[in-house]
Amino acid sequence: MPTSTATNPTTATAAAHPTLRIYNTLTKKKSPFETVLPGKVGIYLCGPTVYAEAHIGHMVGPVIFDCIKRYLTYNAYEVNWVVNITDVDDKLIQKANERGMTMLEVAEENIADYKQNLAALGVDQIDHFPRATECMGEIIRLVESLVEQGFAYASEGDVYFDVGKDREYGKLSNRTVEAMQGEGGGMVERKKSAADFALWKSAKPDEPSWESPWGNGRPGWHIECSAMAKKILGETFDIHGGGLDLVFPHHENEIAQSECCHAKPMVKYWAHNGLLRKDAAAGKIGGRGDAASAAGDSVTEDSGKMSRSAGAGGLGDLIAAQGGERIRFFLLRTHYRSTVLFSEPAIEEAAIGLETFYRFFKRYERVTGSSFYELDAPATREGGEMEPGAADLLAQVAQLRKKFLTVMDDDFNTGGAIGELFELVRTLNKYCDDAQLEVTGEMPGQLSEKVEPFVRGVQALKELSSTLGIFQQAPAEAGGGELLGQVMQLVIDLRAEARATKNFATADAVRDGLAPTGIVLEDRAGGTEWTGGDENALDVVIKMLIDLRQTAREGKDFATSDAVRDRLQAIGVTLEDRAGGTEWSIMG
RNA sequence: GGCGCCGUGGCCAAGUGGCUAAGGCAUCGGAUUGCAAAUCCGACAUCGGCGGUUCGAAUCCGCCCGGCGCCUCCA
């Protein structure tokens, strides 16, 4: 029997981090973060069983652990993060048979999909992707060792873990062997006890299999994680993560296998992320307000737990529609241990807040002439320390930075941290306003004096948001194509001319005419910018120009009406006046 | 039946013993703008209910009501 892990670690540990605390599922409380080895952190996150494409639920763990690694690295730890791929299992075999492919082919396909989705969400911190089929030697040796030590027994070509031999069995999920009423998932006749679980399964004819001391077979579900974690991170490592639904039986069994085999604690901190719940009408949950609205639409989509069996899917479509950063930002707004009600409208609402940051980045660019994304920022907590007593602005920034770090130190509270980021942007925006950073005609020298602290403040924003893995690169422009950009430039020029002559009726007509497309004009000191625009924008904008031209013609303002046609012509749009009205076409 | 989680303003969501209960969305005022947009300022909750512990509780304990998860594959 191994010694107790939770209360009496037998491994030497490094000094605890002075402020960082982390919640441990095993002890059910937050504790100061201390590593097995000084300055180093080993993280193992349970990845997917690749029998199908990933769904959004599979991204929660990777996103939060990506932040955890970034934050630990920022705190000067050297982090080694492993995400396993389980590529041998009943469902993979079944899927391969259905599709007339090999198990390996099915796995490859879904691994590619998984990695693509990770990349889209900005998850790029993973160091190792071990695959079960590549660790068969380690798996077999682990099973052998458990048999030799009497914790497991062979039975008709299978090998089972003898739960009765592990006095600590159930400590992670807080269960007792006696209390478990399940019938153990079949194969009862081969087991000593229904609670025993398979370490090794004998192969049926035509199944993929590996040679072993017990005959040809393949690993049971849990053993591969114990083996891969040991192989890459050692017998005791720092953080083991996964979805809350893996606590039992998967992690309970992992801990049993590893600790019985090694007679030492498997991990220091078990960190489980909350699960996503699907809800077609999120935002209305518990809402008494508009419950009665939209009557007649009695089709209630099923809400509830999201899983493959529940038909979750379409992650690729979701990412294409929303963009990776929106989804990441949405997930990070909530604490990782909470359940998140997931829906597209909810993402879209969060995305409105994201725009505040993007607008600020544009403002930064207007002020400094350089891109926020190119800005150098401190990469470590120590390096980002700010001088006390610096300029007024920087004192505020330092304060917010401190609050950000305090909440992140408290079990990686990304939701609280994002709140501080909003405050930081507000502070920086206010400084821009007050210091009139965008007003032209300022003395160059004087201006740079004011810009300097501003840039330092923006660096802090970059520094902190980098630990969350957001704002790393400019989001893909929605853009309505090149032509729309050219047409809009024309619109803006025409309107500017109208405004210059105080022809506000025309200027406003332009603004109003754009409204239906979602295009908004923003008049600034340096000129007019436009944002937005839906898929019909080009057509609507050109029709608006046609109307404008018609109005000018009726007013005998042929200079304007000709200008509209000539300039459109210049960018390749031809107008033809017909009896029924004017039509437009693009020159070939 | 066993184990566990959650219930904070119209919505989302931090906070889990002590300054005026973060922040986002929405809404309403104001500054700014030719009008807008953006930005800034301000307004907007006593924390599901009841009882208890405490000098002091959203935060601890008990009961109740209402959601949900795991105990079978699942991130």
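Visitor: How do the residues lining the largest cavity divide into nonpolar, polar and charged?
Guide: The lining has 9 nonpolar, 5 polar and no charged residues. Nonpolar here covers Ala, Val, Leu, Ile, Met, Phe, Trp, Tyr, Cys and Pro; Asp, Glu, Lys and Arg are charged, and the others, Gly among them, are polar. This is a predicted model, where local features need pLDDT of at least 70 and side-chain atom pairs count only at 80 or more, while totals for chains, interfaces and linings use all residues. Residues are numbered from 1 along each chain as written, chains are lettered from A and ligands numbered from 1 in written order, and side-chain values use heavy atoms, without hydrogens or water.

Visitor: Okay! Which residues lie nearest the centre of that cavity?
Guide: Val60, Leu331, Thr334, His335 and Tyr336 do, out of 14 lining residues. A cavity is a set of points on a 1 Å grid where a 1.4 Å probe fits but cannot get out, and lining residues have an atom within 4 Å of a point.

Visitor: What volume does it have?
Guide: The largest cavity comes to about 100 Å³, counted as the space filled by probe spheres set on the points. The search of the whole structure finds 2 cavities of 30 Å³ or more.

Visitor: Which helix gives the most to the lining?
Guide: Helix 1 does, with 3 residues. Helix 1 (57–74) and helix 8 (324–332) each supply at least two lining residues. Helices (H or I, at least four residues) and strands (E, at least two) are DSSP runs numbered from the N terminus.

Visitor: New topic: how do helix 2 and helix 3 cross?
Guide: The axes of helix 2 (residues 90–99) and helix 3 (residues 103–120) come within 8 Å and cross at roughly 100 degrees. The two helices are therefore roughly perpendicular to each other, a label for angles of 65 to 115 degrees. Axes are lines fitted to C-alpha atoms, with angles from 0 to 180 degrees between N-to-C directions.

Visitor: Which residues make the contact?
Guide: Helix 2 brings Leu92, Ile93, Lys95, Ala96 and Arg99, and helix 3 brings Met103, Val106, Ala107 and Glu109. By class, that contact has 6 nonpolar, no polar and 3 charged residues. Contact means heavy atoms within 4.5 Å.

Visitor: And the sheets? What's the order in the parallel one?
Guide: This open sheet of 4 strands runs 4-3-9-10. Strand 4 (78–83) and strand 10 (267–273) are at the edges with a single partner each, so one side of each has no neighbour in the sheet. Ile239 stands opposite Tyr269 of strand 10.

Visitor: Which helix lies across strand 3?
Guide: Helix 5 (residues 223–233) does, at about 160 degrees to strand 3 (40–45), and it also lies across strand 4 and strand 9.

Visitor: What about the antiparallel sheet, which strands are its edges?
Guide: The open sheet of 4 strands has the order 5-6-7-8, and its edges are strand 5 (152–155) and strand 8 (217–219). Twist there averages 20 degrees from one strand to the next. Strand 5 meets strand 6 (residues 158–161) over 4 antiparallel bridges, with Tyr153 bridged to Tyr160.

Visitor: Last one: how many residues are in the hairpin between strand 16 and strand 17?
Guide: The hairpin joins them through 2 residues. Strand 16 (residues 573–578) and strand 17 (residues 581–586) pair antiparallel over 6 bridges, and Thr574 stands opposite Ser585.

Key:
Pairing = 2+ DSSP bridges. Parallel < 35°, antiparallel > 145°, perpendicular 65-115°, else oblique. 1 Å grid on protein atoms, 1.4 Å probe; cavity = no way out; pocket = protein on both sides within 12 Å on 5 of 7 lines; lining within 4 Å.
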